[in-house]
Amino acid sequence: MLVLGIETSCDETGVALYESRAGLLSHTLYSQIDIHADYGGVVPELASRDHVRKTLPLIAEALAAAGVNRDQIEGIAYTSGPGLVGALLVGAAIGRGLAWALGVPAVPVHHMEGHLLAPMLEDDCPEFPFIALLVSGGHTQLVEVSGVGRYRLLGESLDDAAGEAFDKTAKMLGLPYPGGPELARIAAQGDPGRFHFPRPMTNRPGLDFSFSGLKTFALNTMHKELPDHHTLDEQQVMQTKADIARAFEDAVVDTLAIKCRRAVRETGCKRLVLAGGVSANRQLREKIQQTLKKEGGRAYYPRPEFCTDNGAMIAYAGWQRLKAGQRESLRFNAQPRWQLSDLSAL
Ligand code: KG4
Ligand code: ZN
């Protein structure tokens with residue numbers, strides 16, 4: 001079965017073709033960074049308008065790259081939530097419309113299910129069951145995964161998601177959007193011994209997270225070290241920012257690793273999948289791998305380009321659902337808020 005996947009939930013348009021036997025045939029991605037950079041964050045209306053412009057040309061590109069024509073498409077998967085409602089509606093309308101025109105089935109895909117199944121696109125992929133740490137711009141969740149659609153939420157962020165905390169802290173440090181990767185870039189030059197940030201909610205039981213306090217901690221450190229009338233030169237200011245970025249990154253990475261270790265010990269499951277945009281973070285990938293090794297287990301993660309939003313993970317998740325016979329009526333919807341636990345098990 002050849003499935004076309006369409007991702008338009010936020011600021012990236014992603015398209016991919018996945019085939020049962022051959023696997024991923026092609027994938028194309030357009031990032032809207034340049035569009036939102038002037039505003040320091042995603043402007044939903046501009047995001048929707050750009051998805052309208054880019055989705056069809058990207059589909060044509062993905063078909064050409066795979067050397068197939070559109071009549072060979074046997075099913076369509078589109079992200080229908082969670083995300084920005086206008087952006088979601090573009091992918092949903094195009095996906096549904098194309099499916100109707102081609103006379104093939106279409107399925108709505110949960111964006112976070114896409115992320116958590118993304119490691120399945122790699123040759124060396126985990127078997128079920130596994131624990132998934134989902135860390136994106138909108139979500140931080142620990143999920144016990146016993147099969148496709150069989151998800152038990154173990155813990156989640158009570159306030160900011162990890163990616164959101166990265167982005168907000170980066171903005172405070174004066175770094176350009178998208179903040180997460182920029183903060184990680186300057187943190188690499190930071191001195192890990194200069195500041196120590198707390199590891200929130202690690203000294204009490206449970207698997208929930210809270211990251212908004214870290215952002216405030218970073219802000220207070222910044223005000224103390226770089227007051228309005230400081231006498232530091234440019235190099236010293238850059239170094240201080242890098243040191244704050246490093247302390248922040250270390251705190252987030254450590255906190256996530258502590259909770260992963262706890263989840264592994266509590267469930268007895270020694271396979272852990274790391275997915276979502278923040279899983280592209282090198283420090284986090286290394287730390288989680290070490291943590292799992294120490295527990296006698298293993299961590300799995302997608303290649304960096306499939307950590308952040310992409311069409312391949314949506315094509316794959318949709319293919320799983322379509323091959324299991326899931327069919328939807330011609331009615332379609334976008335769900336800006338949607339719980340993983342509401343999905344049907346396959
Ligand atoms: O999964 P994703 O592409 O979109 C959402 O579903 O939200 O995740 C985007 C998030 C952003 O907050 C971005 O700053 C963060 O992932 N991110 C990173 C890195 N790359 C992306 N955070 C830290 N380090 C990175 N290298
Ligand atoms: Zn995402």
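Strands, labelled E, are DSSP runs of at least two residues, numbered from the N terminus. The model is a predicted one. In these terms, E5 supplies the largest share of the lining of the second largest pocket, 3 residues. Strand E5 covers 106–110, and strand E4 (75–81) likewise gives at least two residues to that lining. The lining has 18 residues in total, and those nearest the pocket centre are Ser80, Pro108, Glu328, Gln335 and Trp338. By class, the lining comprises 7 polar, 6 nonpolar and 5 charged residues. The volume of this pocket is about 200 Å³.

Histidine 111 belongs to helix H4 (residues 111–117), while aspartate 309 lies 198 residues away, in the loop between strand E10 (298–300) and helix H10 (311–323). Both histidine 111 and aspartate 309 are buried.

Aromatic pairs number 7 in the structure. Phenylalanine 128 and phenylalanine 130 count as stacked because their planes meet at 15°, with ring centres 5.4 Å apart. Phenylalanine 128 is partly exposed, at 33% relative accessibility, whereas phenylalanine 130 is buried at 0%. Another stacked pair joins phenylalanine 209 and phenylalanine 211, with 5.9 Å between centres and 15° between planes. Phenylalanine 209 is buried, at 0% relative accessibility. The charged end of lysine 259 sits over the ring of phenylalanine 209, 5.5 Å from the ring centre.

Tyr18, Tyr316 and Trp319 make up one aromatic cluster. Over the ring of tryptophan 319 sits the charged end of lysine 323, 4.6 Å from the ring centre.

How values were computed. Residues numbered from 1 in each chain as written. Chains lettered and ligands numbered in written order. Predicted model: local features only at pLDDT ≥ 70, side-chain atom pairs only at ≥ 80, totals over all residues. Heavy atoms only, no water. 1 Å grid on protein atoms, 1.4 Å probe; cavity = no way out; pocket = protein on both sides within 12 Å on 5 of 7 lines; lining within 4 Å. Points joined across faces, edges and corners; volume = space filled by probe spheres on them. Helix = DSSP H or I, 4+ residues; strand = E, 2+ residues; numbered from the N terminus. Nonpolar A, V, L, I, M, F, W, Y, C, P; charged D, E, K, R; others polar. Buried < 20%, exposed > 50% of the residue type's maximum accessible area, 1.4 Å probe, protein only. Phe/Tyr/Trp six-rings, centres within 6.5 Å; stacked < 30°, edge-to-face > 60°. Lys NZ or Arg CZ within 6 Å of the ring centre and 35° of its normal.
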